[in-house]
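Please keep the viewer open as you read.

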Amino acid sequence: MNRLFPYKAELLAPAGSREAFIGAVSAGADAVYLAGQRFGARAYADNFSTQELLEALEEAHLLGRKIYLTANVLTREKELPELVEFVHLLYEKGLDGVIVQDIGVLEALHEACPGLPLHASTQLSVTSAEAVQYLRKFGIRRVVPARELSLEEINTLRREDGEMVRGNPAMEPIEIEAFIHGAMCYSYSGRCLMSSFLGGRSGNRGRCAGTCRLPYRILDEKGRPAGKDSALKEYYPLSMKDMCVLSILPELIDAGIHSFKIEGRMKKPVYAAGVTAIYRKYIDRCYAWMEAGRPGPWQVEGEDLEKLRSLYIRTDLGTGYYHQRNGRELVTIGKPGYAGTDAALEEEIRRSFLTGLPSIEVKGKASFRTGEPAALEVRAGQVRAKAMGAVVQPARGRPLDREELEARLRKTKNTLFTFGDLDVTADDSVFLPVSAINALRREALSLLQERLTDGCRKNAKSVGTSQPNPPAEGKTEQNTGTSPADPVAGEKNPGEIALQKEQRQELWALVSTRAQMKAAAAAGCSCVILDGSFLPPVSPEGLFSMGEDLPGYDQRLYEKKDYGQHVFPEKTQRGNNYPLKSTEIRWICALPPVFRVSERESIRSVILNAAGNGFSGILVRTFEELQLALQSGYEGEIIADASLYAWNRLSMEALAGDCSGIVCSLELEQRAVLEAAGEMDKMILPVYGRIPMMETAGCVRKTQNLCSGQEGFWYLEDRMGKHLPVRCRCGNCSNTIYNAVPLSLHQFADSGLFRKTGKKLCMFTIEGGDETRQILQYFAELTGSPGKQKRQGKKRPGRTGQISLPPFRDFTNGHYKTGAL
């Protein structure tokens with residue numbers, strides 16, 4: 001742009017409909033993001049048909065704007081060929097970029113559409129340069145970081161990425177796209193399963209039910225209402241305030257952000273147009289203010305802030321996480337709904353921006369000479385086009401004069417063009433049919449339009465001619481002749497090979513307390529994952545100093561008993577001589593569910609010292625952690641948690657190339673897992689445990705101004721009286737919100753995926769030692785894994801014989817049978 005600013009930040013606006021697209025472009029958006037009828041993260045927006053997308057793409061390019069397609073949902077194996085074919089069609093027409101969550105989709109599009117700019121969606125929860133480095137292998141050029149990042153963290157990400165690519169001419173610094181206005185999610189985007197498990201609609205599939213906007217009561221570790229809101233009949237501790245960054249706009253520009261993104265594809269066209277217009281005004285004003293030397297303080301007119309408050313805002317506006325890690329100030333508490341729009345403001349916006357797209361002024365020169373073809377040359381800027389029409393005839397009746405010919409040529413209805421200067425020369429007494437004049441105008445403007453947009457199409461065509469990969473052969477859409485419990489038996493699909501190979505049965509446990517560790521050891525688990533993210537600092541020593549009990553809702557669950565010779569011994573001495581080495585169990589250290597750059601060195605230390613401390617591997621929950629392990633030269637086992645989302649064969653293959661194990665997605669049905677799985681010996685099936693439904697930067701205790709700095713569980717009580725455990729992770733100041741009831745797949749013990757997945761994982765949160773032992777013994781018996789103990793109990797008829805009733809009453813089957821919507 002100039003010596004002060006090498007580029008001007010792009011203003012990126014949402015368009016959930018054709019009218020919103022018109023409003024956003026008319027109000028000054030540099031680019032618009034939108035979706036087709038499928039594969040977008042806002043499935044309930046009006047969205048665009050394929051033809052409407054092609055038209056919008058052409059119109060945007062004519063006006064010098066860009067179109068980014070959102071394909072930011074997790075994608076099943078059988079859906080992938082259709083998605084690639086759809087994107088490839090737009091790619092050939094010059095699509096400017098596509099926003100993606102699924103690494104399998106990234107891989108497929110990188111191969112099928114070479115040169116197409118791929119943007120890593122905020123659904124990937126990117127928090128540092130490590131994730132950017134990992135995702136570069138899939139061809140990303142832009143990243144939309146997690147909304148929870150501060151401006152300092154965004155600066156760090158951009159600086160460190162620049163340092164990584166410096167000196168490598170084949171690589172360019174990553175572009176950063178950041179949200180500047182609109183609704184905020186309480187959970188890290190992409191890490192929310194609450195809508196999926198409580199509302200039946202998955203946010204990772206574009207169907208968020210907004211469960212965070214429902215009322216909840218915050219309960220302390222003993223299940224008692226806690227904090228200043230405890231007396232309220234109803235309040236909304238998970239409902240975030242909307243974002244507005246006008247007051248700190250100069251700071252975002254100084255941070256080097258490439259694209260300023262407005263949230264809101266589900267909102268009305270007047271929102272898209274009105275908000276875009278105000279931000280267009282202040283972005284331009286801010287650059288002018290900076291170029292003038294920043295005279296005086298940066299100011300925002302109160303009238304414009306009031307307009308924004310009148311455009312579908314929840315309670316009030318804030319600047320999000322850019323200057324605040326968490327706190328009560330970020331949530332609405334009282335009112336989760338929108339305030340609506342001022343009727344007069346709405347009418348003003350409609351008149352100004354929603355009547356049609358901006359026009360393109362062209363200059364023209366026409367010639368009508370008797371006996372010669374009519375000619376019309378048109379020009380927009382430096383681009384010219386010339387059309388030749390029918391031969392001009394001498395008039396036999398009333399001739400056409402110059403004024404009438406000009407009037408006919410100026411009728412540019414149904415195009416974006418309008419004539420400015422139009423020079424018409426004509427012989428005396430000439431005639432040409434009206435249809436011929438219209439055809440001449442259409443031809444000239446059509447040629448001009450083609451030349452104006454040719455650069456966009458040429459860019460797409462010139463980079464390669466790869467075609468999308470064909471659908472996988474041998475797949476059957478419908479299954480016949482199988483029992484409901486085993487919908488994949490006998491079916492010819494990509495999982496067929498996996499079904500032929502029996503896996504050695506292993507029982508795994510993920511534990512958080514010493515009591516749970518002892519129970520897992522006593523149950524003869526093959527592998528125990530220690531959730532080291534529970535205590536600060538993140539270190540193996542912290543794991544072994546863990547107390548017997550943690551605060552919980554039912555203290556009776558935390559019994560202090562020994563369960564045989566495998567009781568976990570005390571640490572014998574300081575240093576690296578941990579008793580883990582003396583057991584036959586493989587011990588895995590779980591890294592934190594969220595990676596923040598401030599914890600990088602602590603996590604790196606855990607990785608580098610894992611083997612010496614007796615760990616055979618690590619559980620990675622983010623792409624940052626995976627990349628950190630790889631670049632650190634870690635040689636132990638790397639287990640990819642379910643949060644890395646292996647939904648299709650390409651994503652599973654990508655993770656399998658770096659990891660020795662992959663935890664099956666918690667939202668994927670068994671048929672889809674088998675269709676996608678390549679190596680079943682790497683798959684780990686969660687069969688029991690409370691699902692982590694949200695990973696949040698917000699903290700329920702801090703919302704009530706009751707932060708104690710002590711790790712432990714609090715609870716959220718929903719409208720049905722269910723208690724959702726909330727793990728307060730004070731080490732990195734975050735929360736994990738779990739389902740009120742555990743997942744259990746014991747009813748599907750005779751199903752295909754359950755039988756053919758060798759590794760079964762039980763995940764423990766608030767369970768005490770005795771309950772943990774009983775559950776592990778139950779699943780050991782159910783799966784026939786080593787270390788099972790014969791137990792007495794009630795039986796129920798099962799398809800494979802008699803199956804014991806579980807040692808718990810309430811549970812959910814999750815998405816194992818039908819998958820997430």
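## The largest pocket

A pocket here is an open set of grid points with protein on both sides within 12 Å along at least five of seven lines. In this predicted model, the largest pocket has a volume of about 780 Å³. Its lining is made up of 33 residues, and those closest to the centre are Asp 96, Gly 115, Pro 117, Arg 141 and Glu 175.

Which elements give two or more residues to this lining? They are strand S3 (66–71), strand S6 (140–143) and helix H13 (434–462). H13 provides the largest share, with 4 residues. Sorted by class, the lining of the largest pocket holds 15 nonpolar, 8 polar and 10 charged residues.

## The largest cavity

The largest cavity holds about 330 Å³ of space. It is lined by 25 residues, and Arg 621, Asp 641, Leu 666, Pro 692 and Glu 695 lie nearest its centre. Four strands are the elements that give two or more residues to this lining: S8 (187–192), S28 (692–696), S30 (723–729) and S31 (734–738).

How do the residues lining the largest cavity divide by class? There are 13 nonpolar, 4 polar and 8 charged residues.

## The second largest cavity

The second largest cavity contains about 200 Å³ of space. Of its 22 lining residues, Gln 123, Leu 124, Ser 125, Phe 623 and Ser 643 are the closest to its centre. S8 turns up again here: this strand and helix H18 (623–631) each supply at least two residues of the lining. The lining of the second largest cavity divides into 12 nonpolar, 6 polar and 4 charged residues.

## A sheet with a helix on it

Now for the sheet. Four strands form an open sheet in the order S17-S16-S15-S19, and their pairing is mixed. At the edges are S17 (383–391) and S19 (417–426), each of which pairs on one side only. On average, neighbouring strands of this sheet are turned by 20 degrees against each other, direction ignored.

S17 pairs with strand S16 (residues 373–380) in the antiparallel sense, over 7 bridges. To find one of these strands' contacts in the viewer, look for Arg 379, whose bridge partner in S17 is Arg 384. Helix H12 (residues 402–409) packs on the sheet and touches strand S15 (360–368), S16 and S19. The direction of H12 makes about 155 degrees with that of S19.

Key: Residues are numbered from 1 along each chain as its sequence is written. This is a predicted model: local features need pLDDT of at least 70, side-chain atom pairs count only at pLDDT 80 or more; totals for chains, interfaces and linings use all residues. Side-chain values use heavy atoms; hydrogens and water are left out. On a 1 Å grid over the protein atoms alone, a cavity is a set of points where a 1.4 Å probe fits but cannot get out, and a pocket is an open set with protein on both sides within 12 Å along at least five of seven lines; lining residues have an atom within 4 Å of a point. Grid points are joined across faces, edges and corners, and a volume is the space filled by probe spheres set on the points. Ala, Val, Leu, Ile, Met, Phe, Trp, Tyr, Cys and Pro count as nonpolar, Asp, Glu, Lys and Arg as charged, and the others, Gly among them, as polar. Two strands pair if DSSP finds at least two bridges between them. Axes are lines fitted to C-alpha atoms, for helices over the stretch in contact, and angles run from 0 to 180 degrees between N-to-C directions. Contact means heavy atoms within 4.5 Å.
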